[in-house]
Amino acid sequence: QLKFLGENEEGKVEFWIGLKNSLPSESFVKNPFLKDRVSLSPASEEFIVKVGSKIDLAQHVFYNDEVFGNSGHLPPQVGQGTTYTVIWRLKSLYNDLRDVRVRAVLPANVNLTGQFFPREAKFLFDSQSREVVWEVGDLGQTMGETNLSFQVSLKPGTDNRGAAAEIVKAAKAAGDDAWIQEIVSADVVGVK
């Protein structure tokens with residue numbers, strides 16, 4: 001119908017494009033965009049849509065690790081502490097990110113031991129909310145993976161008897177995508 005618009009008449013066309021969840025790992029893409037050209041003779045217009053970054057966040061808990069060397073009973077015993085190492089792995093795909101933070105909440109029966117690595121990391125704990133926060137800062141797309149390890153002590157209660165106790169709740173990473181100038185985020189589930 002747009003071919004037959006008269007002078008000062010308006011028409012409308014809408015379309016959607018489905019994107020793949022990720023690009024091939026061997027491809028190096030920074031600040032990706034989609035380019036589309038629409039031509040209605042004699043008018044022609046090009047549209048560019050910036051593609052936001054994807055944050056790759058992983059959360060793992062280990063008893064046997066090379067970072068701190070944990071102690072305590074396996075399986076954990078009611079009323080006795082067992083230490084574990086929580087490792088967060090973080091990577092930005094496609095774009096540079098600013099002011100990146102990773103947050104999670106520790107269950108009531110889990111406490112920090114004060115050990116974390118790397119020691120220069122900005123790692124905070126709010127004793128009221130029980131939230132741990134890693135202030136990563138800027139995360140460049142070409143930096144590769146960055147990691148934080150911290151040690152916690154689980155002291156199971158009687159309500160944990162015969163069941164796996166949660167060691168760390170769901171974690172969330174968020175940062176400002178410098179390319180699209182919006183906040184992007186990723187969530188991972190808690191670990192038992």
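Helices (H or I, at least four residues) and strands (E, at least two) are DSSP runs, numbered from the N terminus. The model is predicted: local features need pLDDT of at least 70, side-chain atom pairs count only at pLDDT 80 or more, and totals for chains, interfaces and linings use all residues. Residues are numbered from 1 along each chain as its sequence is written, and side-chain values use heavy atoms, with hydrogens and water left out.

**Exercise 1. Backbone exceptions**

Task: Determine where arginine 130 lies, and state whether arginine 130 is buried or exposed.

Solution. 
Step 1. Arginine 130 belongs to the loop between E7 and strand E8 (131-139).
Step 2. Its phi is positive, about 65°, although arginine 130 is not a glycine.
Step 3. Arginine 130 counts as buried because its relative accessible area is 18%; buried means under 20% relative accessible area, exposed over 50%, and partly exposed in between (1.4 Å probe, protein chains only).
Step 4. Aspartate 99 also has a positive phi, of about 50°, and is not a glycine. Aspartate 99 is placed in strand E5 (residues 97-105) and is exposed, because its relative accessibility is 54%.
Step 5. For background, most residues other than glycine have a negative phi, and most peptide bonds are trans.

**Exercise 2. The open sheet**

Task: Give the strand order of the open sheet of four strands, and name its edge strands.

Solution. 
Step 1. The order is E3-E4-E9-E6, and the pairing is antiparallel; two strands pair if DSSP finds at least two bridges between them.
Step 2. Strand E3 (54-62) and strand E6 (110-117) are the edges, each pairing on one side only.
Step 3. On average, neighbouring strands of this sheet are turned by 25° against each other, direction ignored (axes are lines fitted to C-alpha atoms, for helices over the stretch in contact, and angles run from 0 to 180 degrees between N-to-C directions).
Step 4. E6 is joined to strand E9 (residues 146-154) by five bridges, and the two run antiparallel. Leucine 112 stands opposite valine 152 in E9.

**Exercise 3. Salt bridges**

Task: State how many salt bridges the structure holds, and locate the partners of the pair glutamate 145 and arginine 89.

Solution. 
Step 1. There are six salt bridges, a salt bridge being a side-chain nitrogen of Lys or Arg within 4 Å of a carboxyl oxygen of Asp or Glu.
Step 2. One of them brings together the side chains of glutamate 145 and arginine 89 (3.7 Å, N to O). This pair links distant parts of the chain, with glutamate 145 in the loop between E8 and E9 and arginine 89 in strand E4, 56 residues apart.
Step 3. Arginine 101 forms another with glutamate 135, the closest N and O atoms being 3.7 Å apart. Here strand E5 supplies arginine 101 and strand E8 supplies glutamate 135, 34 residues apart.
Step 4. Glutamate 46 pairs with arginine 37, with 2.9 Å between the closest N and O atoms. Glutamate 46 is partly exposed, because its relative accessible area is 34%, whereas arginine 37 is exposed at 53% relative accessibility.
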